[in-house]
Amino acid sequence: MDFLSIRIITADVARLVDFYERATGVDADWSTPDFAELRTASATLAIAGTRTVPLFAPGSAEPAANRSVVLEFLVDDVDGAHRRLRADVPEFVTEPTTMPWGNRSLLFRDPDGNLVNFFTPVTEAAKARFAR
């Protein structure tokens, strides 16, 4: 099995896609006005509107209600990402901080309140875990 994608349900697809395009530097592929994907080498971030929810189960997902999942992105320079994102991020949860497991992390919220972690491995052990 391969973990391929995570999907965010939002009330404003265009706004959230625009945010993630600017944050990640990845252009979205739009299938419909209600569904777009940002594809990276390792996974896909899908963003879908509320009108898509009834297609798989009415009432099964709601926008801006997540308080338990962290979207994580491996970046080359977390401090540089922090400087670049200052104008776009509505809320920084933490400034760049080196974690005990060896990643330098920047936590922030997207426009829907989802928690996002941009991180860069900085210790040799962390770098080995994420070697490509």
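**The ring pair and its surroundings**

Modeller: The count of aromatic pairs comes to 7, where rings of Phe, Tyr and Trp (its six-membered ring) pair if their centres lie within 6.5 Å, with planes under 30 degrees apart counted as stacked, over 60 as edge-to-face and the rest as tilted. One of the pairs joins Phe-73 to Phe-118 in an edge-to-face arrangement, with 5.5 Å from centre to centre and 70° between the planes. Phe-73 belongs to strand β5 (residues 70–74) and Phe-118 to strand β8 (residues 115–121), so this pair ties together parts that are 45 residues apart in sequence. Strands (E, at least two residues) and helices (H or I, at least four) are DSSP runs, numbered from the N terminus.

The model is a predicted one, in which local features need pLDDT of at least 70 and side-chain atom pairs count only at pLDDT 80 or more, while totals for chains, interfaces and linings use all residues. Residues are numbered from 1 along each chain as its sequence is written, and side-chain values use heavy atoms, with hydrogens and water left out.

Both partners of the pair are buried: the relative accessible area is 17% for Phe-73 and 2% for Phe-118. Buried means under 20%, exposed over 50% and partly exposed in between (1.4 Å probe, protein chains only). Phe-73 and Phe-118 also belong to a cluster linked by ring pairs, together with Phe-19, Tyr-20, Phe-92 and Phe-108.

Consider next the contacts of Phe-118, contact meaning heavy atoms within 4.5 Å. With residues up to four places away in sequence set aside, Phe-118 touches Ala-23, Thr-24, Phe-73, Val-75, Val-78, Ala-81, Arg-84, Leu-85, Arg-104, Ser-105, Leu-106 and Phe-108.

Ser-105, one of these neighbours, is found in strand β7 (residues 103–109). Its relative accessibility of 3% places Ser-105 among the buried residues. Beyond its neighbours within four places in sequence, Ser-105 meets Phe-118 as well as Val-78, Thr-94, Glu-95, Pro-96, Thr-97, Met-99, Asn-117 and Phe-119.

A nonpolar core is a set of buried Ala, Val, Leu, Ile, Met, Phe, Trp, Tyr and Cys residues joined through side-chain atoms within 4.5 Å. The largest such core has 24 residues, and those touching the most other members are Tyr-20, Ile-47, Phe-73, Phe-108 and Phe-118. At least two residues of this core come from each of α1, β3 (35–39), β4, β5, α3, β7 and β8. Helix α1 gives the largest share, 6 residues. Apart from this core lies another, of 5 residues, including Ile-9, Ala-46, Ala-48 and Val-53.

Ile-9 leads on to Thr-50, as Thr-50 touches Ile-9, Thr-10, Ala-11 and Pro-63 when residues up to four places away in sequence are not counted. Thr-50 is situated in the loop between β4 and α2 (53–56). In contrast with the buried Phe-118, Thr-50 is partly exposed, with a relative accessible area of 35%. From Thr-50 to Asp-12 the C-alpha to C-alpha distance is 8.5 Å, although 38 residues separate the two in sequence.
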